[in-house]
Every structure is written in structure tokens, then in C-alpha cells.
Amino acid sequence: MRRAVCPGSFDPVTNGHLDIVGRASRLFDEVIIGVLINQSKTGLFTIEERLEMLREVTAEYGNVRVASFHGLLVDFCRTQGAAVVVKGLRAVSDFDYELQMAQMNIGLSGVETLFMPTNPLYSFLSSSLVKDVVKWGGDASAYLPDNVLDRLVGRLKQN
């Protein structure tokens with residue numbers, strides 16, 4: 001079985017993330033969305049909320065599942081039986097950082113990295129940018145699934 005991991009923090013998941021996941025789901029038998037638990041960062045959404053949102057927005061894909069992990073990505077890949085990491089690249093600046101990570105990952109464990117260029121519609125998109133737009137009353141409906149947008153608006157009203 002060809003299995004891949006799409007890692008990230010997904011705080012929150014955007015249509016750009018979903019574009020990469022959907023395209024990866026056509027290339028691999030199974031895609032695991034790995035949500036990184038980073039104790040040194042406090043996200044807007046809890047890990048459980050992110051997992052729930054991801055499960056909701058990927059329900060249409062029969063070969064995508066969602067899990068959380070902490071520690072090294074290559075260790076998560078090993079426990080999941082995945083030999084490939086799929087990463088979306090928005091710009092050359094993404095490539096510089098991601099190439100270093102890919103080289104470390106293959107050196108540590110032989111896990112390959114597949115770089116996928118982001119759809120131009122989402123080339124500027126990031127979770128933090130979307131949070132800022134919504135925080136200041138902007139319309140982010142083109143960049144987030146409806147249920148994620150609703151939760152983001154609700155969360156930012158609380159803060």
C-alpha cells in the first residue's frame with residue numbers, strides 16, 4: 001500500500017491545505033493528515049478541534065484519515081507505515097526551508113518528500129493570514145471551508 005503523510009499545524013485548515021490533500025489522495029492509496037502537537041506554541045484551536053475540523057472537511061475522501069503526533073515527523077511516518085511526506089510549496093521561500101527538512105528526513109529514516117506546487121489560487125494563503133483577515137472583519141469565505149470559517153469567526157468573537 002502506498003501511504004503518505006501531509007503534516008502541519010492546521011490552525012485552522014484552509015482551502016490551500018485541502019487542495020494539497022485532495023491531490024495527494026489521487027496519488028496514494030492512503031493519505032494521513034498529521035497534526036503536529038507543539039507544546040511550545042499555543043494555537044487558536046485545540047488539537048482536538050483541529051482534528052474534528054479536518055475530519056469534517058475530508059469526509060468525502062475515502063482514503064484520507066487524520067491523526068495527531070508529537071516529536072519527529074519521521075517517527076510518526078514510521079509508526080503509520082508511510083514512506084512519503086507530501087508538502088505544498090507556495091513560494092521559493094517555502095522551498096528553502098522545506099528542502100532542508102526533506103534532506104534531514106531522508107537522512108534520518110529514508111522517508112522521501114514530495115513537493116507539490118500550490119494551486120495559484122492559494123499561493124499567498126496561510127492559516128495566520130486568514131486569522132488576521134477574519135479578526136479585522138474581512139471576508140475569508142473563499143479561503144476556508146464554510147464550517148471552518150464559522151468556527152473561526154465564533155472563536156475570534158470570544159477573544
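1. In this note, a residue is called buried if its relative accessible area is under 20%, exposed if over 50%, and partly exposed in between (1.4 Å probe, protein chains only). Helices (H or I, at least four residues) and strands (E, at least two) are DSSP runs, numbered from the N terminus. The model is a predicted one, in which local features need pLDDT of at least 70, side-chain atom pairs count only at pLDDT 80 or more, and totals for chains, interfaces and linings use all residues. Residues are numbered from 1 along each chain as its sequence is written, and side-chain values use heavy atoms, with hydrogens and water left out.

2. The face of H6 turned away from its buried side carries the exposed residues Asp146, Asp150, Lys157 and Gln158. The buried residues of this helix are Val148, Leu149, Leu152, Arg155 and Leu156. An α-helix has 3.6 residues a turn, so residues three or four places apart point the same way.

3. The length of H6 can be checked.

4. Against what do the buried residues of H6 pack? They pack against helix H2 (47-57) and helix H5 (127-135), where contact means heavy atoms within 4.5 Å. Between H2 and H6, Glu49, Glu52, Met53, Glu56 and Val57 in H2 meet Asn147, Val148, Arg151 and Arg155 in H6.

5. H2 and H6 pack at an angle of about 155°, with their axes 10 Å apart. Axes are lines fitted to C-alpha atoms, for helices over the stretch in contact, and angles run from 0 to 180 degrees between N-to-C directions. Angles under 35 degrees count as roughly parallel, over 145 as roughly antiparallel, 65 to 115 as roughly perpendicular and the rest as oblique. H2 and H6 are therefore roughly antiparallel to each other.

6. Helix H3 (residues 73-80) and helix H4 (residues 92-109) pack at about 55°, with axes 10 Å apart, and are therefore oblique to each other. Leu73, Val74 and Arg78 in H3 meet Asn105, Leu108 and Ser109 in H4.

7. Asn105 is buried, with a relative accessible area of 8%. Asn105 and Leu73 are 32 residues apart in sequence and 8.0 Å apart in space, C-alpha to C-alpha.
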